[in-house]
Amino acid sequence: MPTSNDMQKVLDIQDKNLIFKDDCVTYGVLKGRKVKYIDSTLSYTPAECEKCHAPNNDYSIYKNGTQSSRVTFPMSGIRPTYLRIRK
């Protein structure tokens with residue numbers, strides 16, 4: 001079972017806010033091709049509001065909702081690999 005730190009080393013990811021859970025590698029089909037997905041979550045405490053730039057004092061600002069992104073990795077193996085990030 002890979003830990004978050006091990007996956008960051010394998011994928012050479014520098015961001016400490018990217019979290020990988022156990023069993024994060026899954027297989028699926030995208031556009032008729034078999035692909036490999038690596039699922040992760042980007043989590044951090046915001047320093048200020050993105051819209052009004054109010055400072056985050058005593059956790060007064062919190063994130064609401066998530067958005068997903070898909071990052072394509074260079075070909076390494078027999079299947080295309082994608083990093084799915086929930087942020």
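The legends below describe an overall view and several close-ups of a predicted model.

Residues are numbered from 1 along each chain as its sequence is written. Local features need pLDDT of at least 70, side-chain atom pairs count only at pLDDT 80 or more, and totals for chains, interfaces and linings use all residues, while side-chain values use heavy atoms, with hydrogens and water left out.

**Figure 1. Overall fold of the protein, with one helix and five strands.** The order along the sequence is α-β-β-β-β-β; helices (H or I, at least four residues) and strands (E, at least two) are DSSP runs, numbered from the N terminus. The radius of gyration is 16 Å, well over the 12 Å that the globule rule gives for 87 residues, so the protein is more spread out than a compact globule. That radius is taken over C-alpha atoms, and the globule rule is 2.2 Å times the number of residues to the power 0.38. The C-alpha trace spans about 50 × 30 × 20 Å along its principal axes. Of the 87 residues, 23% are buried; buried means under 20% relative accessible area, exposed over 50%, and partly exposed in between (1.4 Å probe, protein chains only). Residues at least 24 apart account for 35% of the contacts between residues at least 6 apart in sequence, a contact being heavy atoms within 4.5 Å.

Figure 2. Helix H1 (residues 4–11) has the lowest confidence, at a mean of 77, and strand E2 (residues 25–30) the highest, at 93.

**Figure 3. The largest pocket, with a volume of about 470 Å³.** Of its 17 lining residues, Tyr 44, Glu 50, Lys 63, Asn 64 and Gly 65 are the closest to the centre. The lining comprises six nonpolar, five polar and six charged residues. Here Ala, Val, Leu, Ile, Met, Phe, Trp, Tyr, Cys and Pro count as nonpolar, Asp, Glu, Lys and Arg as charged, and the others, Gly among them, as polar. On a 1 Å grid over the protein atoms alone, a pocket is an open set of points where a 1.4 Å probe fits, with protein on both sides within 12 Å along at least five of seven lines; lining residues have an atom within 4 Å of a point. Grid points are joined across faces, edges and corners, and the volume is the space filled by probe spheres set on them.

Figure 4. Ser 40 is buried, at 3% relative accessible area. Beyond neighbours within four places in sequence, its contacts are Leu 18, Ile 19, Phe 20, Leu 83, Arg 84, Ile 85 and Arg 86.

**Figure 5. Thr 81 in strand E5 (residues 81–86) and Ile 78 in the loop between strand E4 (68–72) and E5.** Thr 81 is buried, with a relative accessible area of 5%, whereas Ile 78 is exposed at 77%. Apart from neighbours within four places in sequence, Thr 81 is in contact with Lys 36, Ile 38, Val 71, Thr 72, Phe 73 and Ser 76. Ile 78 and Lys 36, 42 residues apart in sequence, have their C-alpha atoms 9.6 Å apart.

**Figure 6. Thr 26 in strand E2.** Thr 26 is partly exposed, at 29% relative accessibility. Not counting residues up to four places away in sequence, Thr 26 touches Val 35, Lys 36, Tyr 37, Asp 39 and Arg 84. A C-alpha separation of 14 Å lies between Thr 26 and Arg 70, which are 44 residues apart along the chain.

How values were computed:
pLDDT is the predictor's confidence in each residue, from 0 to 100.
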